[in-house]
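Let's take a friendly walk through this structure, starting with its pockets and ending with a charged pair.

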Amino acid sequence: MKQLLAALAAGSLFGFGLGLSQMIDPAKVTNFLDLLGSWDPSLAFVMAGGLLVNALLTPLILKQKRPLLAEFFRLPTKAEVDKRLVIGGVVFGVGWGLAGYCPGPMITSLSFADSDILIVVMAFVVGTFAARWVLHRIS
């Protein structure tokens, strides 16, 4: 129960941060990518802030023997960049640039109950299952 409450608190804090920074507005992303038009650098400041907090706190957290609410840290073990990672990153980036949403702001924007965001979420779910199906067929 503590883990669920902690996950709810962390997700709520993240969603609040996305709302406060206006990153749930897809125009913020598309304007950030529009270098020759109505360029908006605010996304870069949000990313830099996230990187700064991560760079300061992650080493302190990893000095602990174990997480507060889990038996051990679950850290990525893969260190190499392969074709699958690059292709996935490109597909993610193109989708993010076209829709203006990555998963966090997309889920946060569901609170608007807008038909546009419902279409984006449905496309995300279909794309996720399609990618899993393709990867299962390949391997």
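## Pockets, a helix crossing and a salt bridge

The lining of the largest pocket has 18 nonpolar, five polar and three charged residues (Ala, Val, Leu, Ile, Met, Phe, Trp, Tyr, Cys and Pro count as nonpolar, Asp, Glu, Lys and Arg as charged, and the others, Gly among them, as polar). Please keep in mind that this is a predicted model, where local features need pLDDT of at least 70 and side-chain atom pairs count only at pLDDT 80 or more, while totals for chains, interfaces and linings use all residues. Residues are numbered from 1 along each chain as its sequence is written, and side-chain values use heavy atoms, with hydrogens and water left out.

The protein chain has six helices and zero strands, in the order α-α-α-α-α-α from the N terminus (helices are DSSP runs of H or I with at least four residues, strands are E runs of at least two, and both are numbered from the N terminus). Its C-alpha trace spans about 50 × 40 × 30 Å along the principal axes.

Here are the two pockets side by side. A pocket is an open set of points on a 1 Å grid over the protein atoms alone, where a 1.4 Å probe fits, with protein on both sides within 12 Å along at least five of seven lines; lining residues have an atom within 4 Å of a point. Points are joined across faces, edges and corners, and a volume is the space filled by probe spheres set on them.

| Pocket | Volume | Lining |
|---|---|---|
| Largest pocket | about 810 Å³ | 26 residues |
| Second largest pocket | about 330 Å³ | 15 residues |

In the largest pocket, Gly-88, Val-91, Phe-92, Gly-127 and Ala-131 lie nearest the centre. Two or more lining residues come from each of α4 (83-99), α5 (103-109) and α6 (115-138), and α4 gives the most, with eleven residues.

Around the second largest pocket, Phe-14, Leu-18, Met-23, Val-46 and Met-47 lie nearest the centre. Both α1 (2-20) and α3 (42-62) supply at least two lining residues, with α3 giving the most, six residues. This lining has eleven nonpolar, four polar and no charged residues.

How do α2 and α3 cross? The axes of α2 (residues 26-33) and α3 come within 8 Å and cross at roughly 100° (axes are lines fitted to C-alpha atoms, for helices over the stretch in contact, and angles run from 0 to 180 degrees between N-to-C directions). That makes α2 roughly perpendicular to α3, a label for angles of 65 to 115 degrees. Lys-28, Val-29 and Phe-32 of α2 make the contact with Ser-42, Leu-43, Ala-44 and Met-47 of α3 (contact means heavy atoms within 4.5 Å).

Finally, there are two salt bridges, each a side-chain nitrogen of Lys or Arg within 4 Å of a carboxyl oxygen of Asp or Glu. One of them joins Asp-40 and Lys-28, with the closest N and O atoms 3.1 Å apart. Asp-40 lies in the loop between α2 and α3 and Lys-28 in helix α2, so this pair ties together parts twelve residues apart in sequence.

Methods. Parallel < 35°, antiparallel > 145°, perpendicular 65-115°, else oblique.
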